[in-house]
Amino acid sequence: LEIGIIVGENATLVVDTGLGRRNGAIVAKVARALAPRNRLYLTTTHFHPEHAGGEGGFPPGTILIRNNVQQREMEKNGKEMLDLFAGRSALNKELLADASLRSPDVVFDTEAKVDLGGVTVRLLWFGGAHTKGDQLMFVEPDRTLISGDVVQNKVVPGIFRDGGTPSSWLAVLDKITALNPAHVLPTHSAPGDGSLVTLEKTFITDLRQSALALKAKGVSADAAGKQLTDEFKAKYPDWPNMNVSGFVRNIYAE
C-alpha cells in the first residue's frame with residue numbers, strides 16, 4: 001500500500017493511513033519529520049481498513065477530510081470491515097485491536113481544495129468505481145494523481161460489493177482523463193505516468209465488450225469468466241494476475 005504525503009509551506013496532507021493505529025502513527029511521524037511546524041491534514045481514498053483504519057494513530061488536531069459518500073460507507077460498514085480484516089490473520093488482529101474511526105472535520109460533496117501553501121490539492125469524488133466513495137487527489141503544481149484503487153498499474157479492477165459498476169468506473173476514468181495527469185500514484189501497484197489512466201480504460205472497455213458479446217450469445221457469467229480469464233492472460237501477458245471472473249459477473253449484472 002502506498003501512502004501519499006504532500007508537503008506545502010504551511011500544511012501537509014497525508015493520503016491514507018496504513019492498517020491500524022500503529023501504522024497510522026508511523027505515517028504521521030514521517031509527515032511531521034518532513035515539516036515539523038506544518039498543520040496536518042488527513043484524507044482517505046476509500047473506507048477499507050488498510051486505507052483508513054489507522055486514523056487513530058494521527059495526533060490530536062489533525063484535520064480529517066473526506067467526501068460524504070465515502071463517509072456514509074464508513075458509518076454503515078466501517079466497523080464490519082475492521083472486524084473482517086482483523087479475522088484474516090493474527091498480525092491483522094493485533095494491528096486492528098485498538099483501531100478507531102472518528103467523524104471527519106470536513107465533509108464535501110464532489111470537490112474540496114486544500115491549500116498547503118504553494119501547493120493546492122484537489123480532493124475529488126467523480127462517482128463509484130471500486131467503492132461508492134472512491135476519492136481522488138490531484139496535486140496541481142505537478143499534475144500528480146493519487147488514484148487509490150481506481151487507477152492501478154496492470155491490476156484487474158475489482159468492484160467491492162455494491163460499489164460502482166463497470167459503466168460508472170469508465171465514467172470516472174473519463175473525468176480523470178480530463179485532468180490530464182502527468183504522474184499517477186496508485187495503491188497496491190507501482191507508480192506510473194498518465195498512460196496508466198488510458199491503460200485502465202482500455203482494459204475495462206475491452207473486457208466489457210468481450211463479456212457482453214458472450215452474454216448476447218447466451219454464455220453464462222461463470223463460463224464467460226473462465227473463458228475470458230484464459231483469453232486475457234494471453235492478451236495481456238505482462239499482467240501478474242489475471243482472474244477477470246468477478247468483474248465479468250459485474251458486467252453481466254449491470
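View 1. The model is predicted, and local features need pLDDT of at least 70, side-chain atom pairs count only at pLDDT 80 or more, and totals for chains, interfaces and linings use all residues. Residues are numbered from 1 along each chain as its sequence is written, and side-chain values use heavy atoms, with hydrogens and water left out. Arg66 belongs to strand β4 (residues 63-67), where helices (H or I, at least four residues) and strands (E, at least two) are DSSP runs numbered from the N terminus. Arg66 forms a salt bridge with Glu55, and the closest N and O atoms are 3.2 Å apart; a salt bridge is defined as a side-chain nitrogen of Lys or Arg within 4 Å of a carboxyl oxygen of Asp or Glu. Glu55 lies in the loop between α2 (49-52) and β4, 11 residues from Arg66, and Glu55 is buried as well, with a relative accessible area of 4%.

View 2. The structure holds 12 salt bridges, among them the pair of Asp98 and Arg21, with the closest N and O atoms 3.5 Å apart. Asp98 is in the loop between α4 (90-95) and β5 (106-108) and Arg21 in helix α1, so this pair ties together parts that are 77 residues apart in sequence. Asp98 is partly exposed at 40% relative accessible area, and Arg21 is partly exposed at 30%. Lys132 forms a salt bridge with Asp162, the closest N and O atoms being 3.1 Å apart. Because Lys132 lies in the loop between β7 and β8 and Asp162 in the loop between β9 and α5, the pair ties together parts that are 30 residues apart in sequence.

**View 3. His130 and its surroundings.** His130, in the loop between β7 (120-124) and β8, counts as buried at 11% relative accessibility. Leaving out residues up to four places away in sequence, His130 touches His46, His48, Asp149, Gly158, Ile159, Phe160, Gly163 and Trp169, where contact means heavy atoms within 4.5 Å. The side chain of His130 also reaches the backbone oxygen of Gly158 at 2.7 Å.

**View 4. The largest nonpolar core.** This core has 35 residues, of which Val150, Leu173, Ile176, Phe203 and Leu207 touch the most other members; a nonpolar core is a set of buried Ala, Val, Leu, Ile, Met, Phe, Trp, Tyr and Cys residues joined through side-chain atoms within 4.5 Å. At least two residues each come from β8 (136-139), α5 (166-179), α6 (195-216), α7 (221-235) and α8 (245-253), and α6 gives the most, with seven residues.

**View 5. Two residues with positive phi.** Most residues other than glycine have a negative phi. Arg143, although not a glycine, has a positive phi of about 55°, and Arg143 lies in the loop between β8 and β9 (144-148). Lys154, also not a glycine, has a positive phi of about 60° and is found in the loop between β9 and α5. Arg143 is partly exposed, with a relative accessible area of 35%, and Lys154 counts as partly exposed at 27%.

Conventions. Buried means under 20% relative accessible area, exposed over 50%, partly exposed in between (1.4 Å probe, protein chains only). A polar contact is a pair of N or O atoms within 3.5 Å; within protein, one must be able to donate a hydrogen and the other to accept it, and residues adjacent in sequence count only if both atoms are side-chain atoms.
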